[in-house]
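Subject: Structure handover

Hello,

Here is the structure for you to take over. My notes follow directly below it.

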Amino acid sequence: QVQLAESGGGLVQAGGSLRLSCAASGRAFGDFAMGWFRQAPGKEREFLAGIRWSGTAYADYVKGRFTISRDNVKNTVYLEMNSLKAEDTAVYSCAAGYTMTQLKDGSGYWGQGTQVTVSS
């Protein structure tokens, strides 16, 4: 089992950047595929990016703007977001799964989420 806690959300102007962090505690962090999702008001939750020892995966709509990384010493995964747009406004959540498949299907572990608001 793993516990996740996000931080780094806030208000940013369009075109700006923000870095989200997700600190993990519990089982061996390195065993998990880690990722980020978001959910905007009235919309379904959507996968953004995932990372495991074998590599990274990104949703097409964030490729080139968002970068996921992890620090297995600090047990933390990051999401660097650049060129932010008003439509990026959402609650961003960190997730963990034993496999990338489990991560993407949402059946793993979740953090509480952090609000990101992009003003236009």
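Val12 counts as buried because its relative accessibility is 11%; buried means under 20% relative accessible area, exposed over 50%, and partly exposed in between, with a 1.4 Å probe and protein chains only. Val12 sits in strand E2, residues 10–13. (Strands, labelled E, are DSSP runs of at least two residues; helices, H or I, are runs of at least four; both are numbered from the N terminus.) Which residues does Val12 touch, not counting those up to four places away in sequence? They are Ser17, Leu84, Thr117, Val118 and Ser119. Contact here means heavy atoms within 4.5 Å. Val12 and Ser120 are 108 residues apart along the chain, with 9.1 Å between their C-alpha atoms.

A word on the source. This is a predicted model, where local features need pLDDT of at least 70 and side-chain atom pairs count only at pLDDT 80 or more, while totals for chains, interfaces and linings use all residues. Residues are numbered from 1 along each chain as its sequence is written, and side-chain values use heavy atoms, with hydrogens and water left out.

Next, the open sheet. Four strands form it, in the order E1-E3-E8-E7, with antiparallel pairing. Two strands pair if DSSP finds at least two bridges between them. E1 and E7 (66–71) stand at the edges with a single partner strand each, so one side of each has no neighbour in the sheet. Neighbouring strands are turned by 20° against each other on average, direction ignored. For that angle, axes are lines fitted to C-alpha atoms (for helices, over the stretch in contact), and angles run from 0 to 180 degrees between N-to-C directions.

Now the strand pairs. E1 and E3 (residues 18–26) are antiparallel and share six bridges. Ser7 has Ser21 as its bridge partner in E3. E3 also pairs with E8 (residues 76–81), again antiparallel, over six bridges. There, Arg19 stands opposite Glu80 in E8.

E1 spans residues 2–7 and has two faces. Val2, Leu4 and Glu6 make up the covered face. Gln3, Ala5 and Ser7 make up the uncovered one. Ala5 is partly exposed because its relative accessible area is 44%. Beyond four places in sequence, Ala5 is in contact with Ser21, Cys22 and Ala23. Its C-alpha atom is separated by 8.9 Å from that of Ser93, 88 residues apart along the chain.

Setting aside neighbours within four places in sequence, Ser21 contacts Ala5, Glu6, Ser7, Trp36, Thr76, Val77 and Tyr78.

There is also a hairpin. It joins E5 to E6 through two residues. E5 (residues 46–52) and E6 (residues 55–58) pair in the antiparallel sense over four bridges. Gly50 stands opposite Ala57 in E6.

Most residues other than glycine have a negative phi. Asn75 has a positive phi, near 55°. Asn75 lies in the loop between E7 and E8 and is partly exposed, at 25% relative accessible area. Ser83 has a positive phi too, near 50°. Ser83 lies in the loop between E8 and E9 (90–97) and is partly exposed, at 43% relative accessibility.

Thr89 is also in the loop between E8 and E9. Thr89 is partly exposed, with a relative accessible area of 22%. Not counting residues up to four places away in sequence, Thr89 touches Ala40, Gln115, Val116, Thr117 and Val118.

Last, the largest pocket. How much space lies in it? About 160 Å³. Of its 13 lining residues, the closest to the centre are Arg38, Ala40, Lys43, Glu46 and Glu87. The lining divides into three nonpolar, two polar and eight charged residues. (Nonpolar covers Ala, Val, Leu, Ile, Met, Phe, Trp, Tyr, Cys and Pro; charged covers Asp, Glu, Lys and Arg; the others, Gly among them, are polar.) On a 1 Å grid over the protein atoms alone, a pocket is an open set of points where a 1.4 Å probe fits, with protein on both sides within 12 Å along at least five of seven lines; lining residues have an atom within 4 Å of a point. Points are joined across faces, edges and corners, and the volume is the space filled by probe spheres set on them.

Best wishes
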